[in-house]
Amino acid sequence: MDRPWPQDDPAPLSVPRPDEVDPAVLGALLARHGWRRRGGTPGAYARWTPPGRLAGGTSLLVPESRDFPDSGDLLGEALMALSRSAAPSAREVLTGLAVPSDEIRWRREVPESPGGTSAWTAQERLRAAARDTLLAGALAARGRAGYYGARHRRAAEASLERVLTGPPGAESGGRELTVFVPVEEDGRATAVTLLRALYALRDAADYHRTTGGMEAYDAAVAAGASRELTEAVIGLVQGTEGARVALEWSPAAGPPPGFAARPDPVEFSPGDLPGLREAGVRYVRDEPSVPVCLTGAVVRLRRTGPGGPGTLRLRVLSGAEVAQVRITLDEEDYRIAGHAHLVGLPIRVRGRLESRGGFRRLSGAGGVTPVQVDEAERDRLVKSLQENLDFFEEACGGGP
């Protein structure tokens with residue numbers, strides 16, 4: 001079962017300590033999220049009020065630097081007021097302070113519906129498209145390909161576990177979603193790669209609509225475009241009058257080299273869908289199979305009789321960024337694989353990862369050899385064998 005993302009109920013945020021907060025970063029985040037500066041003493045303090053209907057409520061007095069004796073007290077009061085504020089943007093500001101993050105905002109232009117009955121469906125579609133878009137960026141940050149299938153997926157999905165989501169914003173009717181991608185580790189690489197890929201995809205869509213040619217889509221792969229990204233953008237745009245993705249860099253980290261301080265948002269419309277669909281098909285068709293040498297643990301064996309070739313499922317330990325592959329082996333290699341597994345040893349096998357099926361099958365496989373491992377790993381593999389003895393009736397020709 002797929003893991004839900006983003007989480008429906010974001011965990012409560014701890015309020016940062018005043019001595020951990022840069023007043024300039026706090027001011028930048030307040031301005032970014034619609035808070036308005038209304039007076040104060042220039043160069044000393046600024047008074048900020050929340051956006052929208054809450055503008056007449058809580059206000060924050062924020063020092064512009066730490067040069068004044070009461071700066072720490074004022075920051076503490078401002079942070080506490082933010083934590084108690086009813087404004088949805090207050091949580092976004094606290095998130096940006098607690099975890100230095102690049103913010104990515106998705107918006108879908110969906111028609112109004114009586115009583116807001118479509119807001120839930122619209123929000124679910126937006127969340128799914130946002131996750132798929134980020135996943136495509138995380139995949140591209142690990143290597144360029146027109147189609148990834150199962151490759152790099154485990155690492156890319158694991159990186160999304162650090163992504164935080166802003167409040168859903170009931171007033172948006174399911175049209176907007178903001179996520180916070182931490183700049184540490186590979187988060188910044190994902191954000192940068194995604195932005196480049198979206199720009200390349202936008203340029204390719206313009207070229208296709210003008211000339212009918214697909215060359216720009218082919219060139220966009222080098223910037224991070226892929227079948228996974230075209231599918232995500234299609235999901236974002238489908239059923240709308242248009243959609244956009246905007247990125248804002250972490251005020252604490254600043255923009256990466258070579259990028260504008262405020263990147264232009266990327267917009268797509270229903271008129272882009274035919275080209276995006278054609279590009280996705282093209283990416284899958286043109287992605288070549290990959291020669292590999294895999295080391296892995298056999299997790300299932302099957303053949304129809306006591307002799308002859310058979311198939312196995314291999315849990316990949318090294319050699320390719322996939323979780324499992326299916327392999328067909330001749331009688332001798334199948335026998336070696338079965339014996340290695342019965343004594344708790346992984347195997348090494350050569351072949352070609354086929355793009356058909358999502359890089360989950362190894363074709364032309366052969367040269368199977370057992371691989372020595374340390375005692376702890378061997379004990380774990382033997383335990384796995386004992387827990388799955390039913391599979392080995394099939395290995396001996398007793399299964400269907």
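Colleague: Which residue in β2 does R36 stand opposite?

Modeller: R36 stands opposite T49 in β2. A quick note on the model: it is predicted, so local features need pLDDT of at least 70 and side-chain atom pairs count only at pLDDT 80 or more, while totals for chains, interfaces and linings use all residues. Residues are numbered from 1 along each chain as its sequence is written, and side-chain values use heavy atoms, with hydrogens and water left out.

Colleague: What makes β1 and β2 a pair?

Modeller: DSSP has to find at least two bridges between two strands. Two bridges join β1 to β2 (residues 45–49), so the pair qualifies. The two run antiparallel.

Colleague: Why is one side of β1 and of β3 left without a neighbour in the sheet?

Modeller: The sheet is open, with three strands in the order β1-β2-β3. β1 (36–37) and β3 (60–63) stand at its edges and each has a single partner strand, so one side of each has no neighbour there. Strands here are DSSP runs of E with at least two residues, and helices are runs of H or I with at least four, numbered from the N terminus.

Colleague: Which strands does helix α1 touch?

Modeller: Helix α1 (residues 23–32) packs on the sheet and touches β2 and β3, where contact means heavy atoms within 4.5 Å. The direction of α1 makes about 140 degrees with that of β3. Helix α2 (residues 71–84) lies across β2 and β3, running at about 140 degrees to β3. Axes are lines fitted to C-alpha atoms, for helices over the stretch in contact, and angles run from 0 to 180 degrees between N-to-C directions.
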